[in-house]
Amino acid sequence: MTLLSVNLNKIAVLRNSRGDTEPDICQAARTCIEAGCGGITVHPRPDLRHVRPDDVRALSTLLRGRVEYNIEGNPFAGPRGAYPGLLALAREVRPTQVTLVPDSDGQITSDHGFDILRDIERLRPLVAELCELGCRVSLFVDADNTTRAFEQAAAIGVQRIEIYTGPYARAFAEDAPGLALEACVTTARCAQQAGLAVNAGHDLSQKNLGTFKAAIPGLAEVSIGHALIGEALYEGLAVTVRNYLQILR
């Protein structure tokens, strides 16, 4: 079954809005795990807008030996204040997977993937270090890459891609998912031909996930946060996680 990794960034956003400790991100993780999710995702940023380095560390202690731990972030964003940098956090907590994302402070959320052929040499030493730490490395990519690009990614140690599904979700909402979904299918096929496993994430929801999963044979993992946490406001977190797992089955 495709693994569901629940992104808890929005729990941290709600907590930070009051500047206190509630809601508790670790309690949210426990609830998701007890409901059956296979992983937890966080995306610490240098501006500390949601998940903070201390959250990353606390979740590492909680998750070890229980479910997969996926940390996302920009590997080129250097240390700033309490944020030590993505690689420094990976050295500390040794997550199951590190998903490299080319985001910046100016983005409200991740909205594009790496240009693999352009960025491959900059990524090479970072991917090598993460592999030495025992982390699986995934690259966040747009649905427009070729087998050649993925072969180069595989050659430097990348093991997975995560397809940016924002365009698919928008097209689905407009009742016209065909071309965007076809682009995701083609990208997934090219990655698999290059020996990479395929993850997906961004704006996936209970409404559009089933169609996406059915179109992508061998889909390894979906990372879902914004929609899942929003839906959980109405149905409860555990119920919502179980709803997603039912779709993925």
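Reply: One term to start: buried means under 20% relative accessible area, exposed means over 50%, and partly exposed is in between, with a 1.4 Å probe and protein chains only. Phe140 is buried, at a relative accessible area of 3%. The model is predicted: local features need pLDDT of at least 70, side-chain atom pairs count only at pLDDT 80 or more, and totals for chains, interfaces and linings use all residues. Residues are numbered from 1 along each chain as its sequence is written, and side-chain values use heavy atoms, leaving out hydrogens and water.

Me: Which ring does Phe140 pair with?

Reply: Tyr164. Rings of Phe, Tyr and Trp (its six-membered ring) pair if their centres lie within 6.5 Å; planes under 30 degrees apart are stacked, over 60 edge-to-face, the rest tilted. Phe140 and Tyr164 are tilted, at 5.6 Å centre to centre and 55° between the planes. Phe140 is in strand S5 and Tyr164 in strand S6, so the pair ties together parts 24 residues apart in sequence. Helices (H or I, at least four residues) and strands (E, at least two) are DSSP runs, numbered from the N terminus.

Me: Is Tyr164 buried or exposed?

Reply: Tyr164 is buried, with a relative accessible area of 7%.

Me: How many aromatic pairs are there?

Reply: Four aromatic pairs. One of them is Phe76 with Phe114, edge-to-face, 6.4 Å centre to centre and 85° between the planes. Those two sit in loops, 38 residues apart. Phe76 is partly exposed, at 29% relative accessible area, while Phe114 is buried, at 3%.

Me: Switching to helix H6. Which of its residues are buried?

Reply: Thr147, Ala149, Phe150 and Ala153. They cover an arc of only 155° around the axis, which puts them on the same side of H6. The arc is taken from the directions from the helix axis to the C-beta atoms.

Me: What's on the other side of H6?

Reply: Arg148 and Ala155, both exposed.

Me: And what do the buried residues of H6 pack against?

Reply: Helix H5, strand S5, strand S6 and helix H8. Contact means heavy atoms within 4.5 Å.

Me: What comes just after H6?

Reply: Gly157, which takes a positive phi of about 110°.

Me: Last one: which residues form an aromatic cluster?

Reply: Tyr168, Phe172 and Phe212 form one.
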